[in-house]
Amino acid sequence: MLARLYGEVANGGFGPDYHLLPLTGDGRTAVSDYREERATRRSGEASWPAEVLPILDWGCGMYAAVDCRSPEGTVLLFEPNGICADWHSAWYVDAESLTDWLETWLSGTGWYEEDAECDDAQEPRPWRIARQRLSEPE
């Protein structure tokens, strides 16, 4: 789905709030952010797992990212604010699939929507395999 969006819809510039990053091109891209995050060590630990592509910068260090290992394209939320160690606790599942995430955006029911009804908005839940994925050798 992600490859089709970038290949057939647009090279970023659509989606919730700040819009999807361009995949490639000049300036800041999903690929350049991925490389930068993978190279960054926080408190000596890896904080960004392999094959998790950042697609949207929420600001304040937060990202929406797609787990490219999951067949359905699980969308993750990286929320590092207040984390000094144990980087696995900065990772949340925002949607089970990229399709679900986009449908939530289109329906205006995402957790990030100011006008979303509290009952409608799904809060991200901890990504249970984050510790495992962060501990994998590079």
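Author: A polar contact is a pair of N or O atoms within 3.5 Å; within protein, one must be able to donate a hydrogen and the other to accept it, and residues adjacent in sequence count only if both atoms are side-chain atoms. This is a predicted model: local features need pLDDT of at least 70, side-chain atom pairs count only at pLDDT 80 or more, and totals for chains, interfaces and linings use all residues. Residues are numbered from 1 along each chain as its sequence is written, and side-chain values use heavy atoms, with hydrogens and water left out.

Reader: Which side chain makes a polar contact with the side chain of aspartate 57?

Author: That of arginine 28, at 2.5 Å. A polar atom of the aspartate 57 side chain also lies 2.7 Å from the backbone nitrogen of glycine 59. Contact in general means heavy atoms within 4.5 Å. Leaving out residues up to four places away in sequence, aspartate 57 touches Tyr18, Arg28, Met62 and Tyr63.

Reader: Where is the place of aspartate 57?

Author: In strand E3, residues 52-59. Strands (E, at least two residues) and helices (H or I, at least four) are DSSP runs, numbered from the N terminus.

Reader: In what order do the five strands form the open sheet?

Author: Strands of a sheet pair through backbone hydrogen bonds, either parallel or antiparallel. Here two strands pair if DSSP finds at least two bridges between them. The order is E3-E4-E5-E6-E7, with antiparallel pairing. E3 and strand E7 (125-126) are the edge strands, each pairing on one side only.

Reader: Over how many bridges do E3 and E4 pair?

Author: Six, in the antiparallel sense; E4 spans residues 62-67. Look for glycine 59, which stands opposite methionine 62 in E4. Helix H2 (residues 30-39) packs on the sheet and touches E3 and E4. The direction of H2 makes about 100° with that of E3. Axes are lines fitted to C-alpha atoms, for helices over the stretch in contact; angles run from 0 to 180 degrees between N-to-C directions.

Reader: What is the bridge partner of alanine 64 in E5?

Author: Leucine 77. E4 and E5 run antiparallel, joined by four bridges. E5 and E6 also pair in the antiparallel sense, over four bridges. There, leucine 77 stands opposite tyrosine 92 in E6.

Reader: Which way do Val75 and Leu77 point from E5, and which way do Leu76 and Phe78?

Author: In a regular strand the side chains alternate between the two faces of the sheet. Val75 and Leu77 point one way from E5, Leu76 and Phe78 the other way, and all are buried. Buried means under 20% relative accessible area, exposed over 50%, partly exposed in between (1.4 Å probe, protein chains only).

Reader: Is arginine 41 buried or partly exposed?

Author: Arginine 41 counts as partly exposed because its relative accessibility is 41%. The place of arginine 41 is in strand E1, residues 41-42.

Reader: Which residues are buried in helix H3?

Author: Leu98, Trp101 and Leu102, in a helix of residues 98-107. They cover an arc of only 95° around the axis, so they are on the same side of H3. The arc is that of the directions from the helix axis to the C-beta atoms. What covers them includes helix H1 (2-9), E3, E4, strand E5 (75-78) and strand E6 (91-95). Glycine 108 follows H3, with a positive phi near 70°.
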